[in-house]
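User: I've got this one open on my screen and would like to go through it with you. Can we start with one of the helices?

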Amino acid sequence: MSSGNGSGAADEDADSHTLVEAVREALSVEMARDDDVVVFGEDVAENGGVFRATEGLLDRFGPDRVIDTPLAEAGIVGTAVGMAAYGLRPVPEIQFSGFLYPAFDQLVSHAARFRTRSRGRLTCPMVVRAPYGGGIRAPEHHAESKEAFYVHEAGLKVVVPSTPADAKGLLLASIRDPDPVVFLEPKLIYRAFRGAVPDGDDAIPLGEAAVRREGTDVSVFCWGAMTRPTLEAAENLAVEGVDAEVVDLRTLSPLDRAAIVDSFEKTGRAVVVHEAPKTGGLGGEIAATIGEEALLYQEAPVVRVTGYDVPYPQYALEDYYLPSVTRVEEGIREAIEY
C-alpha cells in the first residue's frame, strides 16, 4: 500500500497531464523502450482512437506497430492472444468496455489459461485497454461497469486508475507484466482534471492500493472515477468532525487485501463505493475480506454505495444511478452513526 498519488517522483520532475494524455504517454514510452509492443484496434491508427488515446502513435511508430482493425472484438483479442504466445506484447484497444463481451471467450478460455495450460512454459503478456464506466451521456453498451466479470477469472489481472500519474505508471507495469491484464480507463475523468505525471518510465507495481486521504473514523474503499466524489465527500464531512480514510484500490486483481485490513483495523468501520451494480460487485468481496480477516475490529456493518441492480439507464436517469457526493456522504454517516 502506498500513500498520496502514487507518482513515485517529486513534483519538479513531473509534467501536468490529463488521464487520457497519461495513457498516451505510457504507450509512447513503452513502444520506444520495447519493439515488441504493438498497439491495434478499431480506429486507433489514422484517427487515434475514439477518445484520441493513441493519437500520434502511428506517425511515430509506423503502420506495422499501430494498426487499424475491423470491427470484430473477438478477432482483436484473439489476435492479441496469438501475438503474445509468439513473443510480442500486444496492447489492443476496445472502443468501450461494453463492447468487450464478444471477446469474453478469448479472455477467459485462452488468455487467462495460458500459464496453467502450458504448466508455466508459456505466458500471455497482453493488455486489453478499454474506456469504462458512465457519466458521459453515451448510448447503450457504452457506460456499464462490469469489472467483477474479469476479477472473477483466475489468470486475469484487472487495473482501474484514478489519476493521470497512476494511469501512466500502472499501464507501464501492465504492459511489462507476463500475464494478461484488463486495463479499464474511467472515461468520465479522461479530461476532467490535470495532474502531475513523472517523466521517464517509472512503473507503479500492480496489486498495491493507495491511501488518498488518511483518517481514523471510517475506511472508504473506491477506485476509478469514484475516487474523486469519495474524496470530496470525505472533505465535506471533515467539517462535521468525521475523519474518513480514503483508500483507492487501483488494482482489483490482485486485490490488496493487506491494505484493506490495515485500514479497517485502524477505523473499525467501512464504506465501499463503486458504480457497478450492488449484487455481485466488488463491494461484497471487500466486505467478506473484512469479515474473514478483521472481524474482531468491526464496529458497524460494511456500507455499500453503488449502482443499482438494473440495466444501466439512459441519459435522463444517469445522474441518479451513479454514486454522487451526497450518496457517499450518506453512506459514511450510516457507518459512523451505527
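Predicted model: local features only at pLDDT ≥ 70, side-chain atom pairs only at ≥ 80, totals over all residues.

User: Which residues of H10 are buried?

Analyst: Leu-282, Gly-283, Ile-286, Thr-289 and Ile-290. Around the axis they take up an arc of only 120°, so they sit on the same side of H10.

User: What covers the buried residues of H10?

Analyst: The cover includes helices H6 (147–151) and H9 (257–267), along with strands E11 (218–222), E14 (270–277) and E15 (303–307).

User: What about H9, which residues are buried there?

Analyst: Ala-259, Ile-260, Val-261, Ser-263, Phe-264 and Thr-267 are the buried ones in H9. They pack against E11, strand E12 (244–248), E14 and H10.

User: Where is Pro-254?

Analyst: Pro-254 is in the loop that runs from strand E13 (251–253) to H9. The peptide bond between Ser-253 and Pro-254 is cis, with omega about 0°. Just after H9 comes Gly-268, with a positive phi of about 80°.

User: Which residues other than glycine have a positive phi?

Analyst: Asp-43 and His-141 are among them. Asp-43 has a phi of about 65°, and His-141 has one of about 70°. Most residues other than glycine have a negative phi, and most peptide bonds are trans.

User: Where do Asp-43 and His-141 sit?

Analyst: Asp-43 is in the loop between strand E3 (37–41) and H2. His-141 is in the loop between strand E6 (127–132) and H6. Asp-43 has 36% relative accessibility, so it counts as partly exposed. His-141 is at 38% and therefore also counts as partly exposed.

User: What does Val-273 touch?

Analyst: Leaving out residues up to four places away in sequence, Val-273 touches Val-220, Phe-221, Cys-222, Trp-223, Met-226, Thr-230, Val-305, Pro-323 and Val-328.

User: And Ile-204, buried or exposed?

Analyst: Buried, because its relative accessible area is 6% and the cut-off for buried is under 20%. Ile-204 lies in the loop between strand E9 (195–198) and strand E10 (210–213). From Ile-204 to Leu-171 is 33 residues in sequence and 8.3 Å in space, C-alpha to C-alpha.

User: Next, Arg-65. Where is it found?

Analyst: Arg-65 is in the loop between helix H2 (57–61) and strand E4 (66–68). At 13% relative accessibility, Arg-65 counts as buried.

User: What does the side chain of Arg-65 reach?

Analyst: The backbone oxygen of Asp-35, at 3.5 Å. Apart from neighbours within four places in sequence, Arg-65 has contacts with Met-31, Asp-34, Asp-35, Val-37, Val-38 and Val-39.

User: One more side chain: where is Gln-298?

Analyst: In the loop between H10 and E15. Gln-298 has 29% relative accessibility, so it counts as partly exposed. A polar atom of its side chain lies 2.9 Å from the backbone oxygen of Ala-300. Neighbours within four places in sequence aside, Gln-298 is in contact with Phe-264, Gly-268 and Ile-290.

User: How far apart are Gln-298 and Lys-187?

Analyst: They are 35 Å apart in space, C-alpha to C-alpha, and 111 residues apart in sequence.

Note on methods. Residues numbered from 1 in each chain as written. Heavy atoms only, no water. Contact = heavy atoms within 4.5 Å. Buried < 20%, exposed > 50% of the residue type's maximum accessible area, 1.4 Å probe, protein only. Helix = DSSP H or I, 4+ residues; strand = E, 2+ residues; numbered from the N terminus. Arc of directions from axis to C-beta. Polar contact = N/O pair within 3.5 Å; in protein donor to acceptor, adjacent residues only side chain to side chain.
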